[in-house]
Amino acid sequence: MQKKFDISLTKLIFYISVVMSFVFVVVIQTFIFFYDYTAFKERLGLIERQNIQNEESILRAGINEAYAAILARYKSSNDSFNHEIEEALIKARQQLLISVRYLNAKEHIENMHKDIIKQILKLKNSSSYHIYDMTGDALLNPLLHLPLLSEDYLSRLSSGKISFLNLKDETNKQIRVAFIEVRELGIIIGYSLDMEKFENEFLSSLRDFVKEQSRDQSRYIFVVDKNRQKYLYSNFIDFDDTVAFNKYPKEAQEAFWKIKNLVTMKKDNGGILRYDWVKDDGSVVKKIAYVKDLGVFGIVIGKGAYLDSIDIAISTEQNLIKDQFIFRSITSAIYFIAVLLIALFFSVYIKKRLDRAFAFLKKSFKKASHTNSLIPSDKLDFKELQRLGEDINVILKERQKEEENRKINTFLLEQYKNAIDESAIVTKTDARGVITFVNDEFCELSGYSRDELIGRSHGIIRHPDVPDDFFSQMWQTITKKRVWQGTIKNIDKNGRAFYVKAFIIPILGIDGEIEEYITIRHDITDLIEQERRIQSHLQDPLTGLPNRQSLIDDISKSETRCTMASFDVRRFKEINEYYGFDMGDAVIVQIGRIIERMFMGTGLVLYKLNSDQFAILAHDKEYTPHKLCEFCERIIEHFRLHPLVINENKFDVDLVFGISSEPSYFITSEMAKDYAKLSRASTVIFDDNKDLLIGNVRLTHSLKKAIEEDRIVVYRQAIVDNKSKKPAKYECLMRMIDEDGKIVSPYHFLNLAKRSGQYHKLTEIVIEKAFQFFSKNSDEFSVNLAIDDIVSGKIRDFLRRKFKEYEGIASRLTLEIVEDEGIQNFKEVVEFIDEMHSYGCSIAVDDFGTGYSNFEYLMRLKADFVKIDGSMIKNIDQSEDSRRVVGLMVSFAKQLNIKTIAEFVHSEQVSDIVASMGIDELQGYYYDEPKSLE
């Protein structure tokens, strides 16, 4: 029992008010605190980011200014260096033109070259001159083989212009050389200077320039030679050209590699980086720098700043914000205490008023309980207590009236009890089911005396034929305080069975709990016996043939093994739908009469079961399963040759038989008949297909278990666009994982699922898992639907719910219509397609070109795609007929403005052929194999 609150209501209200006020203020205060704290942290971060960004801008501007000045210096030095080379070449050219005497004497060319060499050797720095003839052969101081030069360079020489090259001589020293053609003498003159001097002079000038730049305590410019792995200038006192790189501090080495990597990767050869650095006093600090590659001699310049100086500025601003935050927090705390005190004051005031009101109500109620006087409700505080006083007054007024009625009711109940005892069989039990009362009629019916019954349970008259579940369900009903009624088979003391119609009524106490049960019975043994006699009637009322009960009795009475054939009429439902049930009954009667005439003298017995279902029973000694099968095939042939004609209506009767001599004739013959329908055969013998049919049963159970254990999985296979050869969408394919973990194709279980009523559940699983997966991306996809799915209101409702749940997914969905028995209800299918189009879905007709999917079929459906069946595609590279038929399909589809999809594209040859035929999309293992969504 639930424990009661040992506290007054007014105190409870007072405590709740105080606690709720406290909680409310704490929540508000906590929210304000965290809001202020979050804003405080954001402002601290913003200050830091702004200071860093400001510092980066200063460093970038400083380096860009220095960069422009240094490049101007380099250009000036480079122009002077080139000018020195040009002067030497022009001087040599003029000297030769004046002094050489054999200008046009080709026969003395060898003497002329010698004379030229003599004249060059007289010049200052003669070793820097290089003479070649017009073929590129060296005459003096060869540097390289001139024909190796580019055509563009040689064309500039032929125009009389001086052209420069940077080369490395035989000692691997960098030099700059310029050439000029002296066409009058038939030679090319070159002059070279060592680049090292030029480079050293430039670097010395660069260091001087950097030293001249302004430097404060937090920022300075530095220079790095990335080719020779040196710091040419920095703020570290030990850095100069003579210090080896491996002698640098670890921080300086790491900074060098970061600088080199940055300028190497950056397209604009510059950028911001951070690293550790060694200050003049030897301490290691964080540093930020902007660096930029000059693009000459491997030189990188940079400007850096120490972050500790920035941190000081940031810290100053952050302290100011921190003081503001602390002041705001203290102010909020004061508000919190004030609000809490006000709430406490009002709670105390309300408690006192409630205490007074309840005390007055208690005193008035105590007086009313003794004197029946009314409570003065108008003197009570609070409207609720006033209404309570008024309600108590109503109760007091009715109490006396109820007392009078109770006496009358007690008298009437006693008379009712006597009447029931006289007209019915009555027992009473306690809440545990132990008998506490029986009337004379129960003793007479059961054969037991009162002494034998009182203190026992009703199990004393329980008949062994009644299962335990029957009484379990009965107890579940009455223990829930509901009346139970039903027919019970009992057994009396002498072992005779009798039947009663019983009503078991739970009797409740004042507390609403069950105190006892009253059972009122009526003896209906005679009625049951009469009903049994009626039910044992063994003739079908429509055809007059023996019925199912008669068949059961005949099988049970047979002393030998039997052979049984179950059969029914294919598409009998259509006869009832189109011609009415009266015509359907007439067809059944005619079939029964014709077959009964054929049975004359055969020893076979025909039975009419349910609806259009019949059965044939034969003794195994007279008819083996194969012999009975031959007779069944004669029946099928008779109806094929002789259609029924009833009221000028002609009916082609198509029968399907399942035959079995195995025990459980009903089940095994039905299994054979179902397999005949599946395989589109007319007759199937269970004995010949036992393993297969039992395997189907097992597979059906395996499928049900796989659904329960979520072992139905979905695969996807790409459907590629013919032009781009990229996936246009993905088809969702069903697979089952068996208990051994193997993947099972739907080919093995889909038809079984339809017959066992599990097919719609599989469809829902595929839709749910496909929607879950493709809702997370933007790909288009397709799902297969059978005609049974389409006409099923359940699947339609499921799709509507999923479209609402996964908003926008319908526009990426293609529904592929699959049908293996033809469409009988085109109106419903077209309505379904129109509805799906309204959601944005596309419709595809699957397996086009086979079975029932034909051109008429296509014209009646408003499809967006047709999928040409794989049987037409897989051998199209070897079959001219296949190519002609597929070409006709594609042409027909284009006339209807319907896109086409080729299935089973398994090779490059097949792909090329179908692509050339103008098919829009392709699907098959050549492009993609099915893959699991998971």
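Predicted model: local features only at pLDDT ≥ 70, side-chain atom pairs only at ≥ 80, totals over all residues.

Author: Residues are numbered from 1 along each chain as its sequence is written, and side-chain values use heavy atoms, with hydrogens and water left out.

Reader: How many helices and strands does the protein chain have?

Author: The protein chain has 26 helices and 32 strands, where helices (H or I, at least four residues) and strands (E, at least two) are DSSP runs numbered from the N terminus.

Reader: In what order do the strands of the open sheet lie?

Author: Strands of a sheet pair through backbone hydrogen bonds, either parallel or antiparallel. Here 5 strands form an open sheet with antiparallel pairing, in the order S12-S11-S15-S14-S13; two strands pair if DSSP finds at least two bridges between them. Because strand S12 (435-438) and strand S13 (484-491) each have a single partner strand, they stand at the edges, and one side of each is left without a neighbour in the sheet.

Reader: Over how many bridges do S13 and S14 pair?

Author: S13 and strand S14 (residues 497-508) pair over 8 bridges in the antiparallel sense, and Thr487 has Lys501 in S14 as its bridge partner.

Reader: Which strands does helix H10 touch?

Author: Helix H10 (residues 468-478) packs on the sheet and touches S13, S14 and strand S15 (514-523), contact meaning heavy atoms within 4.5 Å. The direction of H10 makes about 145° with that of S13, with axes fitted to C-alpha atoms, for helices over the stretch in contact, and angles running from 0 to 180 degrees between N-to-C directions.
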